[in-house]
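Here are my notes on this one, as promised. Have a look at the model first, then go through the points in order.

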Amino acid sequence: MRKRNAVVNIKECVACGCCIKVCPRSAISIPDGIHARINLELCVGCGQCVKECPASVIRLEGTEQ
C-alpha cells in the first residue's frame, strides 16, 4: 500500500506560513522560524499545501506502508 506525504525543500522554503493555514490536519509547523516541517504521522497527502505554496517548494511523495 502506498501513502502520499508532503515533503518540503528546506533549502528553498521561506517560512511564509501559507501551507500551515490550509492544512486540514495541522500537520505543518515552522518551529525554528526558518522552514516548514511536516509531521508525517499527521499528513494525509491531500496536496492542499502543495497548491498553496507560493514558492512551489512542497511536493507529494509516495512511501511504502
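1. Start with His35, which sits in the loop between strand 2 (28-29) and strand 3 (37-38). Keep in mind throughout that this is a predicted model. Is His35 buried or exposed? Its relative accessibility is 12%, and the cut-off for buried is under 20%, so His35 counts as buried.

2. What does His35 touch once its neighbours within four places in sequence are set aside? The list is Ile10, Cys13, Ala15, Ser29 and Ile30.

3. Val57 is another loop residue worth a click: its loop runs between helix 2 (48-52) and strand 4 (58-64). With a relative accessible area of 9%, Val57 is buried too, because that value falls under the 20% cut-off.

4. Which residues does Val57 meet, leaving out those up to four places away in sequence? They are Val7, Val8, Asn9, Glu12 and Cys13.

5. On to the core. The largest nonpolar core has 14 residues, and Ile28 and Ile58 have the most contacts inside it. Beyond residues up to four places away in sequence, Ile28 touches Cys19, Ile20, Cys23, Ala36, Arg37, Ile38 and Cys49. As general background, nonpolar side chains tend to be buried together in soluble globular proteins.

6. Now the overall layout. The chain has two helices and four strands, arranged along the sequence as β-α-β-β-α-β. Its radius of gyration is 11 Å, close to the 11 Å that the globule rule gives for 65 residues, so the chain is as compact as a globular protein of that length. Along the principal axes, the C-alpha trace spans about 35 × 20 × 20 Å.

7. As for burial, 29% of the 65 residues count as buried.

8. Last, the surface and the charges. The accessible surface comes to about 4300 Å², and carbon and sulfur atoms hold 52% of that. There are 9 positive and 6 negative side chains, with the centres of the two sets 4 Å apart.

Definitions and conventions: Residues numbered from 1 in each chain as written. Predicted model: local features only at pLDDT ≥ 70, side-chain atom pairs only at ≥ 80, totals over all residues. Heavy atoms only, no water. Core = buried A, V, L, I, M, F, W, Y, C linked by side-chain atoms within 4.5 Å. Buried < 20%, exposed > 50% of the residue type's maximum accessible area, 1.4 Å probe, protein only. Contact = heavy atoms within 4.5 Å. Rg over C-alpha atoms; globule rule 2.2 N^0.38 Å. Areas by Shrake-Rupley, 256 points an atom, 1.4 Å probe, with all protein chains shown as cover. Lys, Arg positive; Asp, Glu negative; His and termini not counted. Charge placed at Lys NZ, Arg CZ, Asp CG, Glu CD.
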